[in-house]
Amino acid sequence: MERKKIVILGAGVSGHTAALYAKKYLKDKADITVVSPEKDYNWIPSNIWVGVNQMSESDVLFPLLPVYKKEEINFIRGKGIELYPEGTKDNQKSFIIYEATDEKSKGEKNNLYYDYLINATGPKLNFGATKGLGPDFHTYSVCTANHATHAGAKLKSHIEEMKKGKKLTLVIGMGHGTCTCEGAAFEYVFNVDTELRRNNVRDNARLIYLSNEAELGDFGVDGIQLEMAGYITPSNIMAESLFTEQNIEWILGAHVKNITETQIEYESLDGSTSTLNYDFAMLLPPFQGHLLKTFNKDGVEISEQIFTPNQFMKVDADYSAKKYQDWKASDWPKYYQNPTYKNLFAVGIAFAPPHQISEPRKTINGTVITPSPPRTGMPSAIMGRIVARNIADQILGNNNPPRSASMAELGAACIASIGAGFTKGSAVSITMNPIVPNFEKYPETGRDIKSTFGEIGRAGHWIKRLLHTLFIYKAKAKLFWWIIPE
Ligand SMILES: Cc1cc2nc3c(=O)[nH]c(=O)nc-3n(C[C@H](O)[C@H](O)[C@H](O)COP(=O)(O)OP(=O)(O)OC[C@H]3O[C@@H](n4cnc5c(N)ncnc54)[C@H](O)[C@@H]3O)c2cc1C
C-alpha cells in the first residue's frame, strides 16, 4: 500500500513541532514533507535579546536541513502559494503549488500531492498597513532575527550618542490599532530600559510604550486577574507599577496611522489625533495570514470559503458574527481541522480565531483599536503536536478519540523578560488558565484563579534563559527531545 503523504507548510514553532511528532508517531508509515521558505529555524522569543545585543543571530537560528535529514523528513525550501483540496477534474488528489526559494531553483513552481496538509505558515508581517512603518521605512522590528540585529545595532549607536550627552526619545510598541503580540513589545521596552541603565545613560532617554491596548497589561487577552503573593491583582495594576518604577511612560488605545523620519502620528480611542517626536522606534506590525489561493476541482477560486478576509485559515470554530456579550469559550476550535476539507488543518498563528479576546473598541471615526488575539509559542506548539497525533491515529487506524487543544481550555505559561543577565536579569512570569476566558466555567474572572498567577523576579529570567536552551535542544531533535514539554 502506498504510504500516506503529510505535507506541512511552515517550519516555525507549530509546523516544526508537528513535523517532529508526526515522524515520531508514524516512523516509516508515512512520508512527511516540510515546505518552508527559510533555511534556518528561528527561536523567535529570543529575538528580543538580539534586539538589545545580549544575543547574536547565531544564538537564535540553526539550519533545518541536518535535523530533517537525521529525522528522515523531506525538506523543500519554498512557500505554498496555491491550494487544490479537491485536485483537478482529471486527478482528484489534493495538492498544493509551492514556489521554490532556494538559490538553485528560486521562483520555480511545482505541485506537491498530499493526503493530509497542515498549514503552519505563521504571520505575514503587514508593515504596509501603516504608512512609514517597518525596516524598509522609518521604524525597527524584532519579528525576525535579522530585524532584531538591525534594531540592536541602531540602539547601540544611540547609546553611544547618549553617552556623549545627547537626549533621545525611544518609542516601543505597536504600529497599528489591530496589532497582536503586545507581550513582545512589553519585553522589548523593559530590555531596552535595562540596557540603557547598564550603560549609565537612562537619564538621557525618554522611554515610551505606545500601544493599542486600552489598559496596560491587557496583552490581547482582556487582561488577567492574577494571584500574586496571596492577593488577587489585575494585570493592569501589576504593569502600571512596573512601568512607574522604571520611569517608562505609556500611551494607550493608540492606532498609529502615519510615521515620518521624526514623527509618529496616532489616533486615540477618543477619536483625537496626536503626534509624537521620536529618535528611535521599534513598532510591531499587524499580522495577517499567508493566503493560499484555493481552487475547487473545476478551477473555480474558493479562497473565501477557506480563508477569512485577513487571510487566516478557517477551522472548526464558530465564525458566526456575535456581540461581545455573546462570545463563548465553545466558539474556539478544538481540532484545528477545516470544516469543508477534513484532511486540511491550520495551527499556530495560521488558524483563524473566531473573534478577539480583548473587548473590541472603535473610535468615533470608526477606527478599530483593539489587540488581535495572541497565539503564543506554547499553544502553537501544542496545536502542532495534537494535530500530528490525530493524523497519526487516522493513518494507523487507531480508534482513539481525537485530542483537542482549545485555547479556551488550554493554560499557558508566559515569561516576559524585563532584562537579561545572570545577576541583573528579571522577568514577569504569568501562568493563565485558560488563555481565552471561559465565563461559563469560571463566572467571576473567566479564568481558574488557582492556576492563574504571576511572579516578578530573577528566577523568571533564569527560567526564560533555560527555556531558550531547552527549546532549541528540542527543535534540534536531540536525544529524548520529546521529554521536554511544549
Ligand atoms: C518578537 C517576538 C517575541 C515573542 N516572544 C514570545 C515569547 O516570549 N513566548 C511565546 O510563547 N511566544 C512568543 N512570541 C510568539 C511566538 O513566536 C509565536 O507564537 C510562534 O512563533 C507562532 O508559531 P507559528 O508556527 O504559528 O509561526 P512561526 O513560528 O512564525 O512559523 C511560521 C513558519 O512558516 C513559514 N512560512 C511563511 N509563509 C509560508 C508559506 N507560504 N509556505 C510555507 N511556509 C511559510 C515561515 O518562514 C516560518 O517558518 C513572540 C513573537 C515575536 C514576534
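# Ligand shell, domains and strands

Q: How many residues surround the ligand, and which are the closest?
A: The ligand is surrounded by 35 residues, and the closest are G10, G12, G122, G348 and G377. What makes a residue count is its C-beta atom, placed from the backbone: if that atom lies within 6 Å of a molecule or strand, the residue is near it. Bear in mind that this is a predicted model: local features need pLDDT of at least 70, side-chain atom pairs count only at pLDDT 80 or more, while totals for chains, interfaces and linings use all residues. Residues are numbered from 1 along each chain as its sequence is written.

Q: Which helices and strands each supply at least two residues of that shell?
A: They are α1 (13-26), β2 (30-36), α2 (47-50), β5 (74-84) and α9 (377-396). As for the labels, helices (H or I, at least four residues) and strands (E, at least two) are DSSP runs, numbered from the N terminus.

Q: What classes of residue make up the shell around the ligand?
A: The shell has 18 nonpolar, 14 polar and three charged residues. The classes go like this: Ala, Val, Leu, Ile, Met, Phe, Trp, Tyr, Cys and Pro are nonpolar, Asp, Glu, Lys and Arg are charged, and the others, Gly among them, are polar.

Q: Why is the ligand said to lie between domain 1 and domain 2?
A: Domain 1 (4-125 + 288-396) and domain 2 (127-286 + 409-483) both contribute residues to its shell, so the ligand lies between them. Those domain bounds come from an automatic or database domain assignment.

Q: What separates the centres of the two domains, and how many residues of each are in contact?
A: Taken over C-alpha atoms, the centres of domain 1 and domain 2 are 25 Å apart. Across the boundary, 45 residues of domain 1 are in contact with 57 residues of domain 2; a contact needs two C-beta atoms, placed from the backbone, within 7 Å. On the domain 1 side, α2 gives the most, with four residues. By class, the side of domain 1 that touches domain 2 has 24 nonpolar, 14 polar and seven charged residues.

Q: Why does the radius of gyration of the protein chain agree with a compact globule?
A: For 486 residues, a compact globule would come out near 23 Å, and the protein chain has 22 Å, so the two agree. The radius is taken over C-alpha atoms, and the globule rule is 2.2 Å times the number of residues to the power 0.38. Along its principal axes, the C-alpha trace spans about 70 × 50 × 45 Å. The chain has ten helices and 24 strands.

Q: Why does E249 count as partly exposed?
A: E249 has 13 C-beta neighbours inside 10 Å. A residue is buried if 20 or more other C-beta atoms (placed from the backbone) lie within 10 Å of its own, exposed if 12 or fewer, and partly exposed in between, so E249 counts as partly exposed. E249 sits in strand β14 (residues 249-251), and, leaving aside its neighbours within four places in sequence, is in contact with L207 and I208.

Q: Is N247 buried or exposed?
A: With 12 other C-beta atoms within 10 Å, N247 is exposed. N247 is found in the loop between α7 (235-245) and β14, with phi near 60°, a positive value in a residue other than glycine.

Q: Why is strand β22 called largely enclosed by the rest of the structure?
A: Five of the six residues of β22 (residues 412-417) are buried, so the strand is largely enclosed. β22 and β23 pair in the antiparallel sense over six bridges; pairing takes at least two bridges found by DSSP between two strands. In that pair, A412 stands opposite M432 in β23.

Q: How many residues of strand β18 are buried?
A: Four of its five residues (280-284) are buried, which leaves β18 mostly covered. Strand β10 (residues 168-174) runs parallel to β18, joined by five bridges, and the bridge partner of G173 in β18 is L283.

Q: Which peptide bond is cis?
A: The bond from N433 to P434 is cis, with omega near -5°. P434 lies in the loop between β23 (427-432) and β24 (453-457).
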